Amino acid sequence: MSGILKSSVGRKFAMALSAFFLMIFLVMHVSINFTSVFSEELFNNMSHFMGTNPLVQGLMQPILIFGVIFHFVMGFVLEYKNRQSREVSYAKNVPSGNSSWVSRNMLLSGVVILAFLALHFYDFWIHEMTVKYVEGDMSGLVDANNPESGFRYYEELREKFVSPVRVGIYAVSFVLLSLHLLHGFNSAFQSVGANNKYVKSLKGFSKVYAIGVPALFIFIALFHHFTH
Amino acid sequence: MMNLTLKIWRQKNANDKGKIVDYPVSGISPDMSFLEMLDVLNQELIEKGEEPVAFDHDCREGICGTCSLYINGRAHGPQTRITACQLHMRSFNDGDTIYIEPWRAKAFPVIKDLIVDRSSFDRIQQAGGFISVNTSGNTQDANAIPIEKEHADKSFDAATCIGCGACVASCKNSSAMLFVSAKVSQFALLPQGQVEATDRVLNMVKQMDAEGFGNCTNTGACEVECPKGISLENIARMNREYLAASLKG
Amino acid sequence: MSILDSKIPEGPLADKWTKHKNEINLVNPANKRLIDVIVVGTGLAGGSAAATLAELGYNVKSFCFQDSPRRAHSIAAQGGINAAKNYQGDGDSTYRLFYDTVKGGDYRSREANVYRLAEVSTNIIDQCVAQGVPFAREYGGLLDNRSFGGVLVSRTFYAKGQTGQQLLLGAYAAMNRQIGRGKIKMYTRHEMLDVVVVDGKARGIIARNLVTGEIERHSAHAVVIASGGYGNAFYLSTYAMGSNVTAAWKAHKRGAFFANPCYTQIHPTCIPVSGDHQSKLTLMSESLRNDGRIWVPKHKKDVEAIRNGSLKPTEIAEEDRDYYLERRYPAFGNLVPRDVASRAAKERCDAGYGVNQTGEAVYLDFSAAIERYGKEQAHVKGLDENDTALVQKLGKGVIENKYGNLFQMYEKIVDQNPYETPMMIYPAVHYTMGGLWVDYNLMTTVPGLYAIGEANFSDHGANRLGASALMQGLADGYFVLPYTIGDYLAHDIRTGPIPTDTKEFEEAEAKVRSDIDKLIANKGSKSVDYFHKKLGKIMWNKCGMARNEKDLKSAIKEIAELRDEFYKDVFVPGDQNEYNEELAKAGRVADFLELGELFAKDALEREESAGGHFREEYQTDSGEAMRRKEYQYVSAWEYKGQPSEAVEHKESLDYENIEVKERSYK
């Protein structure tokens, strides 16, 4: 078991496991965000819970960060190794004849998503961390000294979607995420060795997931942009 | 009759840099096989006192796995489920330009022109692609162990791999997963293959990695280009076998 | 007493092999480590022999000209492998397989060898299944069988249309295991160019590394030739492009007698020649004759109409078709042996009934089978048996299951859909029964030099039955040679390694080098293929399916002249110290040009018709082959410097356990 990450199959397995983890996270994330569309209060409460619960903050958040970093670092490592395996390229190559664009460009979609994550961290996460752990304000209130001011999360969210440029970037990134997932979802099953009749019937679901989840994110962004 | 322009990779030997050279050919019948068209070119080159284009070929009926041409950007040419030797000129049109290149992979170094060294495939098989049973004449009766037809058929389907390397050539990562998994699957599906299953998959994958093939990113190009239509299911099966074996070992 | 000693053991036929195995010398395991064996060729015979010898403990050096042992042309065998398992309970037995094989070979094979072959046939199936060869199975999980030409039982084991591939990959896997253990040293892309004989014994070979052009010396205590047949002397054949006679021919020139060179199998069901550009012919498995019916039009006017495109074969009414095999051979019908089926096709085409432009094609028609299977399926499924469209669909499904890959292969080559219109087929050179003469131990007339598989002459007589080549190759390699070779090697346990710096190796290497230099320096005006094609035309027209004295005499003359012209005018581009396929081809064609002449000489001398050898002068009133008692022997030719000077030795064939009868399939 020790040497498993040294093998190509083992690396792909780890890649798939981190992908599954991230896909579950995405579902959670989109569910919470979606509450913002119909209930400010529910969204605020859930955000506050996620933002202050020690288990979520102390245990799950580090695992998530590790998962994200692992996934992209491993992705780069694999891509580097794969490029090394062909020293001379073809003068004429028509890969579109045998494989989909998305499956061949996971690195590209991955890099775009990574850039988006940087923006996302800058937008929300660094701000959150600063407020909570640098300034020490764990109240989650608009005004920490005024309990009547209400939770700040909903307002902050709506704030971010005022700029059409940001919403545009946001939308493009999620289209890329969708493409990434269109290949990644099934690919992860294949990498862990699941390719039986049950998994094959997941194919339809994988499309729903890969298009649905990013679409919801985009919808949420547009919703707040236009209702602001 | 067709007139064509061929753009062929010429490389004197492993150390030569190599380049694409243009050759016009004329009077090509659509009933010719692709390799027969190359024969025509070579006869013309010989008549002119030039060196013919070296390419690997032997059975010319799609089963030995020797021919290995990357034709117009596709392994074994534009048609699927066939080898280059089964490709006929009726798949092309008069006036076409056709690129002909060798398989490209670090693990398949060029020997000359369109010929590559695929001994890495042999070494993978030597690492575990067998069932250790000596020849004795006292082996148990062939019908002593019934095998479910579905398993026997799937094992056969995996075993039809001809080892041509089209999977590696067409994979953007030069991965040999389809080739290796076909052999692992053939034995994994048979009761006779169970005894050595753990070592087999671990050793074969280890050798595959050592040869410098890339990782599988599940693009599925190999399955499309495989002349025998070896299924991606085999790769999943090998992943399973490998993970189970890793946990055991 | 002839100088040929076949060393057939005494005793009753059924006990000979067991008795022989009990009595021959063995080499103890510790001593096997001290003994080297060279095996040339990695097909079914060579691959299985190399693996088994290594398992026993010998140090094996294995050679093939291809880039991997898995490419050997055994891989292309389609239909199946025979074994007297009697799993179907249809009355099969060792004796019956023996009987069918001797009769199928037109009583020109050695009884004791054939019986041994039938005896070990069952072991082959057991061994291959244990190796993981995925033979076809029935729903109950047991092995399935099909039927082949010339027999009345179902004894053929198969793996769709890829039986040879599966069996070869089994042998290849067994080899790989030994290569991994270091017991086999594998030399790929190496071509054997001479045998080295030291003190009358085969002690090594000279080989050329086809990548670097280097000439190498390899020594061993024994040399095994498993380099296959020589059908490529005909240029067009179902052989692989690289298949050649060089290894066997060089052995012949070093003293190994060449037996029955004229016995060639011309397979009835191949895709017809389409034009001058053709480089090889493709076989359609004999198994197709299980369900396909062979016919030509009854009337010349229909033939004309088909040739000029105004009539389709499907438009010819049932009563206007001549199912000539069913007409002539009611008992075996479309499943007569290959030689009989091929000659019958030639007879019809010569009479002007050939159905393509060249007049050299007959139909192989599946419409009756599609209808029969379709109705059967409809009945089983409780559907309407009179619904033509449905019956057609179901029937085609059954045919696709059985022969799908062959039908697809046909369509790719001919661009016609064989489900809708009958296939066109014509005979083509497919196998050579002749080869190096060997005794019961499979040793040639040179001590320590063995020949196995298609490279030897031993088991098929004048005609080979379908699915018997795979059987013989594996029998020789897995179960016969590894034991019989011990009898010889037992005397070599104290010899020690064979040095390669002796004068014999030097002389052999110098000869190889000078032959190669001569070819390169020749700088003539014609390519190697030019000569090969010309030789092929002579062979096909004058030494093909029907032969006569006049043609054979002129063939001998023409081949000798062509050989002279070859040495004067051949052009080999490139040089000797590099990858040079033209050079390799030139060497092979040079040997074909010698073998071809011996072939014709043998055919001329054999004044009878037997199996694949049909002399027009010797036929019955109904046009069947006429065997002659006085030719009941093996012709083994000794090399004397020129093919024309070869000396014939005769090994008489005695049949004690089988009655020599007229071979009838009526």
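## Chain A: contacts and fold

Two residues are taken to be in contact if their C-beta atoms, placed from the backbone, lie within 7 Å. On that basis, consider the contacts in chain A between residues at least 6 apart in sequence: 75% of them join residues at least 24 apart. The model described here is a predicted one.

Chain A contains eight helices and zero strands. Its pattern, read along the sequence, is α-α-α-α-α-α-α-α. Taken along the principal axes, the box filled by the C-alpha atoms of chain A is roughly 65 × 40 × 35 Å. Chain A has 228 residues, of which 25% count as buried.

## Chain B: two domains

Chain B is divided into two domains: domain 1 covers 2-112, and domain 2 is made up of 119-134 + 146-248. The centres of domain 1 of chain B and domain 2 of chain B, taken over C-alpha atoms, are separated by 28 Å.

Where the two domains meet, 19 residues of domain 1 of chain B are in contact with 17 residues of domain 2 of chain B. On the domain 1 side of this boundary in chain B, the residues that touch domain 2 divide into nine nonpolar, six polar and four charged.

## Arrangement of the chains

Two pairs of chains are in contact, and of these, chains B and C share the most contacts. Chain A and chain C, by contrast, do not touch. The nearest C-alpha atoms of chain A and chain C are 20 Å apart.

How values were computed: Residues numbered from 1 in each chain as written. Chains lettered and ligands numbered in written order. Predicted model: local features only at pLDDT ≥ 70, side-chain atom pairs only at ≥ 80, totals over all residues. Helix = DSSP H or I, 4+ residues; strand = E, 2+ residues; numbered from the N terminus. Buried ≥ 20, exposed ≤ 12 C-beta atoms within 10 Å, placed from the backbone. Domains from an automatic or database assignment. Nonpolar A, V, L, I, M, F, W, Y, C, P; charged D, E, K, R; others polar.
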